[in-house]
Amino acid sequence: MDFKPLSRFIDRIVAWRIPWAEVLVMHRNETVFRYRAGYEHLEAKTPIGEDRMIYLYSLTKILTCTAALQLVEKGNLLLGDALSDYLPEYAEMKVRKTQPDGSVSVEPAERPITVRDLFTMTAGFSYDLTAPALAEAAKRTDGRLPTREFAAALAKEPLLFEPGTRWNYSLCHDVLAALVETVDGRRFGTYVREEITEPLGMRDTGFFLSEAQRSRLAPQYQYDDELGIAVPMDGDWHRIGTELESGGAGLLSTVSDYTLFLNALTNRGTNPDGVRILSAAGVDLMRTDHLSELTRGDYNWSQLAGYGYGLGVRTHISRVGSGCLSPLGEFGWSGAAGALAIIDPESQLTVMYAQHMVNNPEPYVHPRLKNVIYGCL
């Protein structure tokens, strides 16, 4: 394997606008390539160091869905169950409906939200972190807004559409975390630690940082188009409660640590030491395309052409549609600061790509990155 094209690609995007980038490639459980370039502190020109802590943002979603699938495997949940069977506040939901005259009314929902709807982003939620009910709950809990309180508050907001009828990227997986917490009885972060991260030997992945980890937290940037440069920004902008363990965007980790989790999924649920977090059948259900005729048209991000949507992950369903070199069944997701996970059981390939800049050029970088990696193989 010759990975020079991959290092050249990383150098090119770092020289373009991204402060730093790192990629780790595992093939058949061996690290075959790792490369980083750019500056951790752009202003001081400090090179990006090893094992920097980063905000995973939506890469959290893969782990949250894994946690919930564990409960499916234990018989504690079914995908077809009504969410209100476990979270009663979701029993009588309201839906915003546009009338023929253009006015908007709020009416009782005709369909129940199912557990599957949470996995597949079809529940009808928005991604509005400033919603009145959430703001009220944060105030009432003195800014703590624990995971279960968050879900209870969100239930007071009208849905955008009837559950199951559309796909909308939203707070579904944050509610899924509350579902895991309610069904299992442990706090979501405790469940994640005891059932996934500790068994896999992941010491640097969690919802909150120790003091030692905080000293390794890489600065985060956003690109300022007017200035033509990346400028520092607060990485905690998404945290709306000090105790909220956000199943959609709350984890922090390192490239090395999160790769341990991703590689277990590449091995269809079991890491190289034999620690199993999901069955092979569970992983295959996760990467099955769950879009329907009703929802497929909403799933239209340019970088996901040729991909379906599984249980919290993109899944490759058409090489003609994607123009991508990866095989069908390759799956994963990305995060708001530009990180990308590639999980490929057929090729026995695991890739963790990281950067730490929001408003990132994901539609440009991610498809090219995938093709360069598979070209190197």
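## Pockets, cavities and helix packing

Helix α7 (residues 188-197) contributes the most to the lining of the second largest pocket, giving 5 residues; helices here are DSSP runs of H or I with at least four residues, strands are E runs of at least two, and both are numbered from the N terminus. The model is a predicted one, in which local features need pLDDT of at least 70 and side-chain atom pairs count only at pLDDT 80 or more, while totals for chains, interfaces and linings use all residues. Residues are numbered from 1 along each chain as its sequence is written, and side-chain values use heavy atoms, with hydrogens and water left out.

Let's stay with that pocket for a moment. The second largest pocket holds about 240 Å³ of space. It is lined by 16 residues, and Gly-189, Arg-193, Thr-205, Gly-206 and Phe-207 are the closest to its centre. By class, its lining has 5 nonpolar, 6 polar and 5 charged residues. The largest pocket has a volume of about 360 Å³. Of the 25 residues that line the largest pocket, Ser-58, Lys-61, Tyr-127, Ala-249 and Ala-336 lie nearest its centre.

A word on terms: on a 1 Å grid over the protein atoms alone, a cavity is a set of points where a 1.4 Å probe fits but cannot get out, while a pocket is an open set with protein on both sides within 12 Å along at least five of seven lines, and lining residues have an atom within 4 Å of a point. Grid points are joined across faces, edges and corners, and a volume is the space filled by probe spheres set on the points. For the classes, Ala, Val, Leu, Ile, Met, Phe, Trp, Tyr, Cys and Pro are nonpolar, Asp, Glu, Lys and Arg are charged, and the others, including Gly, are polar.

Searching the whole structure turns up 2 cavities of 30 Å³ or more. The largest cavity has Trp-301, Trp-333, Arg-314 and His-366 among its lining residues, and helix α12 (residues 362-376) gives the most to this lining, with 4 residues. Around the second largest cavity sit Trp-20, Glu-22, Arg-34, Gly-49, Asp-51, Arg-52, Ile-54 and Val-255.

| Space | Volume | Lining by class |
|---|---|---|
| Largest pocket | about 360 Å³ | 13 nonpolar, 8 polar, 4 charged |
| Largest cavity | about 100 Å³ | 5 nonpolar, 3 polar, 3 charged |
| Second largest cavity | about 50 Å³ | 3 nonpolar, 1 polar, 4 charged |

Helix α2 (residues 60-73) packs against helix α9 (residues 255-266) at an angle of about 55°, with the axes 11 Å apart. α2 is therefore oblique to α9. Axes are lines fitted to C-alpha atoms, for helices over the stretch in contact, and angles run from 0 to 180 degrees between N-to-C directions. Angles under 35 degrees count as roughly parallel, over 145 as roughly antiparallel, 65 to 115 as roughly perpendicular and the rest as oblique. The crossing of α2 and α9 is left-handed, a term for a near helix turned anticlockwise from the far one by less than a right angle, with clockwise being right-handed. Thr-60, Ile-62, Leu-63 and Thr-66 of α2 meet Tyr-258, Phe-261, Leu-262 and Leu-265 of α9, where contact means heavy atoms within 4.5 Å. This contact of α2 with α9 has 6 nonpolar, 2 polar and no charged residues.

Helix α5 (residues 147-154) and helix α6 (residues 172-184) pack at about 125°, their axes 9 Å apart. That angle makes α5 oblique to α6, and the crossing is left-handed.
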